[in-house]
Amino acid sequence: MRGRIQVLFPTGWGFIAVPGQKDHYFNAKALSPLTVGFGDLEPGDYVEFDSIDAPKGKRAVCVVLMGKVGELQQAVRMEAEDGETETR
């Protein structure tokens, strides 16, 4: 599944927002060891993860950072500007 970091708490857990579904809980141990650390995440970052049913709702495991929010916003702007240039 894919989603965006919605909120992070300094105690090492947070929630991932998934369009059309309930938020998924995750903790720092759910991060893939090949990705960034919990402290490198920020709200809005794009992640990919596996979803499991937990006693209190959906839980994200094997969380992998797919892109930082600022980098993706810049890439979208650049693509939009390239599209405008090509149509002129």
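Predicted model: local features only at pLDDT ≥ 70, side-chain atom pairs only at ≥ 80, totals over all residues.

**Pocket and salt bridges**

Residues are numbered from 1 along each chain as its sequence is written, and side-chain values use heavy atoms, with hydrogens and water left out.

**The largest pocket**

- A pocket is defined on a 1 Å grid over the protein atoms alone, as an open set of points where a 1.4 Å probe fits, with protein on both sides within 12 Å along at least five of seven lines.
- Lining residues, which have an atom within 4 Å of a point, are Phe15, Lys22, Asp23, Tyr25, Ala54, Pro55, Lys56, Gly57, Lys58 and Arg59.
- The strand β5 supplies the largest share of this lining, three residues; strands are DSSP runs of E with at least two residues, and helices are runs of H or I with at least four, numbered from the N terminus.
- By class, the lining has four nonpolar, one polar and five charged residues, where Ala, Val, Leu, Ile, Met, Phe, Trp, Tyr, Cys and Pro count as nonpolar, Asp, Glu, Lys and Arg as charged, and the others, Gly among them, as polar.

**Salt bridge between Lys58 and Asp53**

- Lys58 and Asp53 form a salt bridge with an N to O distance of 2.7 Å.
- Lys58 is partly exposed at 35% relative accessibility, and Asp53 is exposed at 63%; buried means under 20% relative accessible area, exposed over 50% and partly exposed in between, with a 1.4 Å probe and protein chains only.

**Network around Lys68**

- Salt bridges with shared partners join Glu42, Asp45 and Lys68 into one network.
- Glu42 meets Lys68 at 3.4 Å, N to O. This pair links distant parts of the chain, 26 residues apart: Glu42 is in the loop between β3 (24–27) and β4 (46–54), and Lys68 in the loop between β5 (57–67) and α1 (69–87).
- Lys68 also bridges to Asp45, with the closest N and O atoms 2.8 Å apart. Asp45 lies in the loop between β3 and β4 and Lys68 in the loop between β5 and α1, so the pair ties together parts 23 residues apart in sequence.
- Asp45 is buried at 0% relative accessible area, Lys68 is buried at 18%, and Glu42 is partly exposed at 35%.

Note on methods
Salt bridge = Lys/Arg side-chain N within 4 Å of Asp/Glu carboxyl O.
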